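The exercises below are meant to be worked through with the sequence and the 3D structure in view. Try each task before reading its solution.

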Amino acid sequence: KTFDVQAVFGGIEYDAAGNIVSAKAVKVVYQMNDDESGEPIELASAAFEDQMNYMIGPDWTLDPPISEGSAWTRDGGEGPVDFESSSVDLYPETHAAIGVQLRGSIGGDVSSLTIGIMLIIVYALLVLARCHPVRSQALLALAGIASCGLAIGVSYGLTTGFGVPLNPVVNVLPFILLGIGVDDMFVLLNSLEATDDDLSVEEKIGQTM
């Protein structure tokens, strides 16, 4: 049976003959049974992962953990099983551990996204707002940005309703909708201003579109 060394070991060092002499990382896979949500096997698997995450480090699991076992108990906190090493670092790749790391990353992204949206709103107001009782389009700018927000909400709602799981493509959706939506807002408003003032509202909208 062929053994893929590169898939298991990292930071491999070879001697002059091409033999492996050391490695800085090793990947250990522990297969577990799974079942439908709420079933005993699924609950046991989740509890095992939760206790293992806490044993490796409290930062890798929820606070407090969702289970009680050898690594963490609800009464005494730390359980009898612990892991400490000055030479080995463990990094679990479990469902809960990935979720914890994603929440930390998403928290910073949400702040950046909020700042970006505020900058877009300020830019749109500066470009479209005018000191004119009729031609000022500040409310149109706010309405255009609000429509982008509604489109993002509806898109997430539809994908969730149809059972589409969250994935990197779906998570890029807000940025695409916001960029395209704001750009189209400027294009439509410029096209509307370019129409003849003597035309009716219907004709202006027809030429704008």
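**Exercise 1.** Find the helix that holds S155, and decide whether S155 is buried or exposed.

*Solution.* Begin with the placement: S155 lies in helix α4, where helices are DSSP runs of H or I with at least four residues, strands are runs of E with at least two, and both are numbered from the N terminus. Next take the accessibility: S155 counts as buried because its relative accessibility is 19%, and buried means under 20% relative accessible area, exposed over 50%, and partly exposed in between, with a 1.4 Å probe and protein chains only. Finally list the contacts, meaning heavy atoms within 4.5 Å: leaving aside neighbours within four places in sequence, S155 is in contact with L173 and L177.

Before going on, note that this is a predicted model, in which local features need pLDDT of at least 70 and side-chain atom pairs count only at pLDDT 80 or more, while totals for chains, interfaces and linings use all residues. Residues are numbered from 1 along each chain as its sequence is written, and side-chain values use heavy atoms, with hydrogens and water left out.

**Exercise 2.** Locate M118 and state how far its C-alpha atom is from that of A138.

*Solution.* M118 is placed in helix α3, and it counts as partly exposed because its relative accessibility is 47%. Along the chain M118 and A138 are 20 residues apart, and their C-alpha atoms are separated by 15 Å.

**Exercise 3.** Which residue forms a salt bridge with K204?

*Solution.* A salt bridge is a side-chain nitrogen of Lys or Arg within 4 Å of a carboxyl oxygen of Asp or Glu, and by this rule the count comes to one. The partner of K204 is D197, with the closest N and O atoms 3.8 Å apart. D197 counts as exposed because its relative accessibility is 52%.
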